[in-house]
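The sequence and the model should be kept in view while the points are read.

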Amino acid sequence: MKDVLEEITRQRLKRGWTEYQLAKNANLTQSTISTWYRKKQIPTIDSLSKVCAGFGMTLSAFFLEGDDAIVLTQEQRELLDHWGALSPTQRKIVLELLEHMGTEH
């Protein structure tokens with residue numbers, strides 16, 4: 001499993017960015033990013049999405065292991081875009097709906 005903070009650092013250094021530059025590009029505060037490292041916290045998916053956007057990459061690319069590219073269909077990308085805009089409560093409702101739909105015959 002990929003170490004999220006280590007990967008953020010790797011991507012940041014690959015670009016020659018400071019934590020401040022990452023914060024600016026990800027539309028986050030520098031204190032938020034510093035807190036992740038200080039407290040060894042994994043960013044929320046929303047924050048990680050912003051970091052990936054700042055890096056100009058997808059979440060899929062961020063978690064990519066090795067050279068195996070993950071290819072999403074347009075429909076899957078749209079679904080993930082919508083998912084990213086949902087609140088935690090809305091995500092829970094959608095998951096419950098999908099689980100319920102999967103049990104109907």
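1. Overall fold. The model is a predicted one. The chain contains 7 helices and 0 strands, and from the N terminus its elements follow the order α-α-α-α-α-α-α.

2. Dimensions and contacts. Taken along the principal axes, the C-alpha atoms fill a box of roughly 55 × 30 × 25 Å. Of the contacts between residues at least 6 apart in sequence, 49% link residues at least 24 apart.

3. The largest nonpolar core. This core has 17 residues, and those touching the most other members are Ile-8, Leu-22, Trp-36, Leu-48, Val-51, Phe-55 and Phe-62. At least two core residues come from each of helix H1 (4–14), helix H2 (19–26), helix H3 (30–38) and helix H4 (45–55). The most is given by H4, with 4 residues. In soluble globular proteins, nonpolar side chains tend to be buried together.

4. Trp-36. Which residues does Trp-36 contact, leaving aside its neighbours within four places in sequence? They are Leu-5, Ile-8, Leu-28, Gln-41, Pro-43, Ser-47 and Val-51. Two of these, Ile-8 and Val-51, are also listed with Trp-36 among the core residues that touch the most other members.

5. Burial and surface. Of the 105 residues in the chain, 27% are buried. The accessible surface comes to about 7800 Å², and carbon and sulfur atoms account for 57% of this surface.

6. Charge. The chain carries 13 positive and 14 negative side chains. The centres of these two sets are 12 Å apart.

Note on methods
Residues numbered from 1 in each chain as written. Predicted model: local features only at pLDDT ≥ 70, side-chain atom pairs only at ≥ 80, totals over all residues. Heavy atoms only, no water. Core = buried A, V, L, I, M, F, W, Y, C linked by side-chain atoms within 4.5 Å. Buried < 20%, exposed > 50% of the residue type's maximum accessible area, 1.4 Å probe, protein only. Contact = heavy atoms within 4.5 Å. Areas by Shrake-Rupley, 256 points an atom, 1.4 Å probe, with all protein chains shown as cover. Lys, Arg positive; Asp, Glu negative; His and termini not counted. Charge placed at Lys NZ, Arg CZ, Asp CG, Glu CD.
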